[in-house]
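Please open the structure in the viewer and keep the selection panel at hand.

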Amino acid sequence: MIEKSKFFAKVCSVFEKNGLDRYISDEILDKFYLLTEIMLETNEKMNITAITDIDAVIERHYADSLLMLSAGIEEGAKILDVGCGGGFPSFPIAIARPDVTVTGLDSTAKKIAYVNETAKKLGLKNLRAISARAEELAFESEMREKFDVVTARAVASLPILSELCLPFVKVGGKFVAPKSKTAEEELQSARRGIEKLGGRIEKVEKTALRSLIEGEEDAERTIISVKKVAHTEGKYPRAYAQIKKKPL
Ligand code: SAM
């Protein structure tokens with residue numbers, strides 16, 4: 001692991017380049033440093049991330065996860081991260097926004113155990129993770145329509161993701177999906193389903209993940225915000241095979 005001061009300088013440069021300067025503080029930098037150490041060490045024993053270069057971790061995991069905050073997350077919001085894997089965007093959001101509470105959800109129990117253990121080591125009291133399938137957990141009364149914000153990064157295409165995520169969003173809350181190049185196409189094919197599930201597309205914000213790595217191009221990002229305007233019918237989400245075979 002590189003020296004702390006060098007790591008801090010790298011994070012500051014990337015965050016400044018991406019308009020994320022407000023999330024720079026000694027406490028936040030310390031937590032990102034510790035997270036990087038733990039993640040790269042654990043990654044030697046179990047598969048958490050394919051990204052192991054520190055500059056790339058800072059850009060593609062930390063800054064990229066924080067870009068979705070531009071959707072506007074209210075103070076104290078209750079957030080669910082569907083398919084959080086090794087904790088993205090769960091960790092960066094919980095670190096940068098101590099006022100919110102984040103629940104990470106993933107079907108892989110090993111990854112969830114790692115996220116919970118690491119959150120404890122980082123002293124993150126606002127992050128917990130649950131191992132379950134989204135389409136099953138959405139029928140639990142303490143989870144259904146209980147979250148102000150539901151997000152998911154790199155889990156599925158928007159038509160599938162909408163059915164997995166919108167049932168967890170309370171009416172008046174939102175589903176925020178960060179997408180890359182295929183955003184427009186995915187949006188078109190998800191429009192009808194989003195309405196059926198009680199959502200209304202509220203904002204489509206084009207942005208970019210700006211890179212400082214030599215030879216690396218900036219990456220297109222689109223942050224899609226869907227407002228929950230009506231309750232989701234009790235029959236959704238359907239079984240995963242059905243969602244995949246015939247998206248709404
Ligand atoms: N969001 C993380 C990230 O951006 O690094 C992980 C992305 S990984 C490519 C997709 C994750 O979604 C996997 O860990 C997988 O187990 C999880 N996943 C896929 N479908 C799921 C479902 N129906 N319920 C819960 N987790 C799911």
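**The surroundings of the ligand**

By class, the shell around the ligand comprises six nonpolar, four polar and five charged residues. Please bear in mind that this is a predicted model.

Select the ligand together with its neighbours. In total, 15 residues surround the ligand. The closest are Gly 83, Phe 88, Asp 106, Glu 135 and Arg 153. The space that the ligand takes is the largest pocket.

Next, display the backbone of Gly 83: one of its polar backbone atoms is 2.8 Å from a nitrogen atom of the ligand. Then move to Ala 134, where a polar backbone atom is 2.9 Å from a ligand nitrogen atom. Now show the side chain of Glu 135, in which an N or O atom is 2.9 Å from a nitrogen atom of the ligand. With the ligand still selected, turn to its surface: taken alone, the ligand exposes 590 Å², and the protein buries 79% of that.

Which residue has the cysteine sulfur nearest to that of Cys 84? Cys 84 is in no disulfide, and the nearest cysteine sulfur, 12 Å away, belongs to Cys 165. Cys 84 counts as buried because its relative accessibility is 3%, under the cut-off of 20%.

Finally, select Cys 165. This residue is likewise in no disulfide, the nearest cysteine sulfur being that of Cys 84, 12 Å away. Cys 165 is buried, with a relative accessible area of 0%.

Terms used:
Residues numbered from 1 in each chain as written. Predicted model: local features only at pLDDT ≥ 70, side-chain atom pairs only at ≥ 80, totals over all residues. Heavy atoms only, no water. Near = heavy atom within 4 Å. Polar contact = N/O pair within 3.5 Å; in protein donor to acceptor, adjacent residues only side chain to side chain. Areas by Shrake-Rupley, 256 points an atom, 1.4 Å probe, with all protein chains shown as cover. 1 Å grid on protein atoms, 1.4 Å probe; cavity = no way out; pocket = protein on both sides within 12 Å on 5 of 7 lines; lining within 4 Å. Sits in = over half its atoms within 2 Å of the grid points. Nonpolar A, V, L, I, M, F, W, Y, C, P; charged D, E, K, R; others polar. Disulfide = S-S within 2.5 Å. Buried < 20%, exposed > 50% of the residue type's maximum accessible area, 1.4 Å probe, protein only.
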